[in-house]
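Biologist: I have not looked at this structure before. Please take me through it one question at a time.

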Amino acid sequence: MRNEILLIDDEKDIRFAVHEILKENNFFVREADTVEKALSEIKKKLPDLVILDVLLDEKNRDGIDILKFIKSIDADVPVIMISGHANMKLLL
Amino acid sequence: MIKKILSSNLLLYISTFLSIIFGIFTLYTFSGTSFIQLNENNIQVLLIINISIICVLLFLIIRKLIVFFYKSKVISGLSTNLNFIKYFIFVTAVPSIFVAVFSLMLFNLGIEKWFDKKVNDVVNNSVEVARNYLEENQSSIKGEILAMANDLNRNFNLYSENKQIFQNYFDQQSRFRKIEESYLINKDGLLLFSTSFSNKNNFIAPLKTFIDMAQNGQTILISDANKNQTNALVKLSSSENIFLYTIRYVDPETVNFLKNTGEASTFYYKLKSNSLGLQITFAAVYIVIVSSLILLSSMYAINIANKISRPIIKLIFAAKEVSVGNLEVKLKYEEEDDDFKKLYQTFNIMTQEIQAQKNKIALSERYQAWEMVAKKLAHEIKNPLTPITLSLERIKDRYSKQINVDKADFENYLNIISRQVEDIGKLANEFSDFARMPNPIKKSNNLKKLIEDSISLYKLSEKKVIFNLVYSSTQDVFKFDLNQISRVLINIIKNSLESIYEKQELDKNLQGKINILIENNNDFIYIIIEDNGVGFKTTPKDLIVPLTTTKQRGSGLGLSIVSKILHEHGGDLNFIEKSNGAKIKLSIKIN
């Protein structure tokens, strides 16, 4: 069963809440709070699903860069992007 | 009262008038053509009057100048006026002074002519002629009386022998010698005999002194200019005690001529002896008249300069006001020229335009600032909401099963938190809506239909409120953003409904009413919405400032959004005063 999820969010509280829910539903969860850590986690092992916060509190890079990196390795890995701000421009 | 008279121009006009009248009068008097005589006394009086008037004028003008210069120091911007006056005074005074100096020189030349040799000779000669005439006249009388006395002596026997023949002879002698009255008197002056045509009643005896002198053999001539007659007295040699006394009348014109010649020459010599004084008097009169004219012209120069520069000064002050930011300043057209009228109108339009632009910029800057704030607020509120909501859900799922004591309370508390969080979320969404409101997309839409649709929704759900729509606009299809204007209408109607509900809580029987009137002119469509709710509880203008609300659960963004949308449609949001309820006038620019 493919059940390994990589959870990328800079907000600790969100990571905690989402992690708890996923764990209760028998998923194996890895966490990353920065772009750097996220990239290294992906390089370590490609997860079965990525939950990705678009806006990471960093100056130059954000979730979109991580998305591009994942798609460059394997375009079939599903990515769920979450954002506190409904910004259509960013999605397109 | 005195101050009022001084400050008014009345005194100036009066003294101007008087100085001109007296100046002309003085000149006439000097040239001898006036109705009063040219003599020292009159000229002195005239001079004193003239100088007094000049003093009054001088006082008025100096006072005016001091006030004016003082003012121009205190109020800047009058320097133009000052320059005007300097020019005017220069232009009027300098030529006048030149003319005055040259005229004075000519005057002096004229006076000197009076006393040169030729005129002197003429005066002397005329006096000489008069004297000669007088002497000749007297010697002829003397000759006549002596001849007559001689004839009488020769025939004096007739006097005692035949009175009638003597009378004829006496009359004949008198007539022949052109002597008007002839008398015979004794040494006491008693009348003895007279010609038949003499007026005996008017007879006055000569003085005793004269009779005594005649007694000694002298021929006495008595000239009486006042009576226009020359009397002669001589003793008759034929008798001891009888004198011939004759009166010859002189031609009155001749007498007058003699009298005038005498007086004129006396006056001439008097003037001549005082010719320096005359010259000074003359110069004084002249200077007084000329200086009064110069003062007058300066005075009027000041008035004219004031009149010319007044509109410019007005403009300077208005421009100064504008430069310190007072765009409310308006130039009022009073009595200026047409050019100034146009200039003022242009100026007023300019300031109005600047004011309008300034308002527009200020408003859009304010919107921008509020958008920033709203965006930031939305972001900061939304961020913690996600973990809160997630955690809440987790607590509900995981722990409600394990709670056995006071389970209802536990769930109640969770619901309260959940509801409040939901409200916060809505608020945050409203903020981000306001912040992210797109530019309007204007397309041809039907306003009438939009309003009818909006109302019909409410008509179904709101049974306790009557909607009344009057559509009297001549235009219903024009370009506007359908979604945004719809939002405006819903927002306003919602406000009205909420305000009516609030009032109905106090008065259950209140019949809510919302009147909507649509009108238009060439440029705007107006939507006037009126309700009978609680009305505005604050100054209505404050309500378009974001985050201002009088509602318990309002975000304070509703009317800001309405105002912003209307402004982006070239229109405006106005609050109309109303005692019972609220009245709002919306405007939307047509195209």
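Chain A and chain B, step by step

Modeller: To start with the order of elements, chain A runs β-α-β-α-β-α-β-α along its sequence. This is a predicted model.

Biologist: How many helices and strands does the secondary structure of chain A come to?

Modeller: The pattern read along chain A is β-α-β-α-β-α-β-α. Counted by type, the elements of chain A are four helices and four strands.

Biologist: Is E4(A) buried or exposed?

Modeller: E4(A) lies in strand β1 (residues 4-8) of chain A. Buried means under 20% relative accessible area. The relative accessibility of E4(A) is 9%, so E4(A) counts as buried.

Biologist: Which side chain makes a polar contact of 3.0 Å with the side chain of E4(A)?

Modeller: The side chain of E4(A) has a polar contact of 3.4 Å with that of R30(A). The contact of 3.0 Å is with the side chain of K45(A).

Biologist: How far apart in space are L52(A) and V79(A), C-alpha to C-alpha?

Modeller: L52(A) sits in strand β3 (residues 49-53) of chain A and is buried, with a relative accessible area of 0%. In sequence, L52(A) and V79(A) are 27 residues apart. In space, their C-alpha atoms are separated by 6.9 Å.

Biologist: Turning to chain B, why does V101(B) count as partly exposed?

Modeller: V101(B) is in helix α4 (residues 79-114) of chain B. Partly exposed covers what is between buried, under 20%, and exposed, over 50%. V101(B) counts as partly exposed because its relative accessible area is 44%.

Biologist: What accessible area does the nonpolar surface patch that includes V101(B) have?

Modeller: The patch is formed by F90(B), V91(B), V94(B), I97(B), F98(B), V101(B), F102(B) and M105(B). In an α-helix, residues three or four places apart point the same way, because there are 3.6 residues a turn. Together the patch residues have an accessible area of about 800 Å².

Biologist: What does helix α14 of chain B reach from its first C-alpha to its last?

Modeller: Helix α14 (residues 482-506) of chain B has 25 residues. At its start, a side-chain oxygen of D481(B) comes to within 3.1 Å of the backbone nitrogen of N483(B).

Biologist: Where in chain B is confidence lowest?

Modeller: The mean pLDDT of chain B is 82, and 91% of its residues reach 70 or more. Confidence is highest in strand β10 (residues 524-531) of chain B, at 93. The lowest mean, 58, belongs to helix α1 (residues 2-7) of chain B.

Definitions and conventions. Residues are numbered from 1 along each chain as its sequence is written. Chains are lettered from A and ligands numbered from 1 in the order in which they are written. This is a predicted model: local features need pLDDT of at least 70, side-chain atom pairs count only at pLDDT 80 or more; totals for chains, interfaces and linings use all residues. Side-chain values use heavy atoms; hydrogens and water are left out. Patches are made of residues with over 30% relative accessible area and no salt bridge: like charges are joined within 9 Å, nonpolar side chains (Val, Leu, Ile, Met, Phe, Trp, Tyr) within 5 Å. Accessible areas come from the Shrake-Rupley method with a 1.4 Å probe; for residues, only the protein chains shown count as cover. A salt bridge is a side-chain nitrogen of Lys or Arg within 4 Å of a carboxyl oxygen of Asp or Glu. Helices (H or I, at least four residues) and strands (E, at least two) are DSSP runs, numbered from the N terminus. Buried means under 20% relative accessible area, exposed over 50%, partly exposed in between (1.4 Å probe, protein chains only). The expected span of a helix is 1.5 Å times one less than its number of residues. A polar contact is a pair of N or O atoms within 3.5 Å; within protein, one must be able to donate a hydrogen and the other to accept it, and residues adjacent in sequence count only if both atoms are side-chain atoms. pLDDT is the predictor's confidence in each residue, from 0 to 100.
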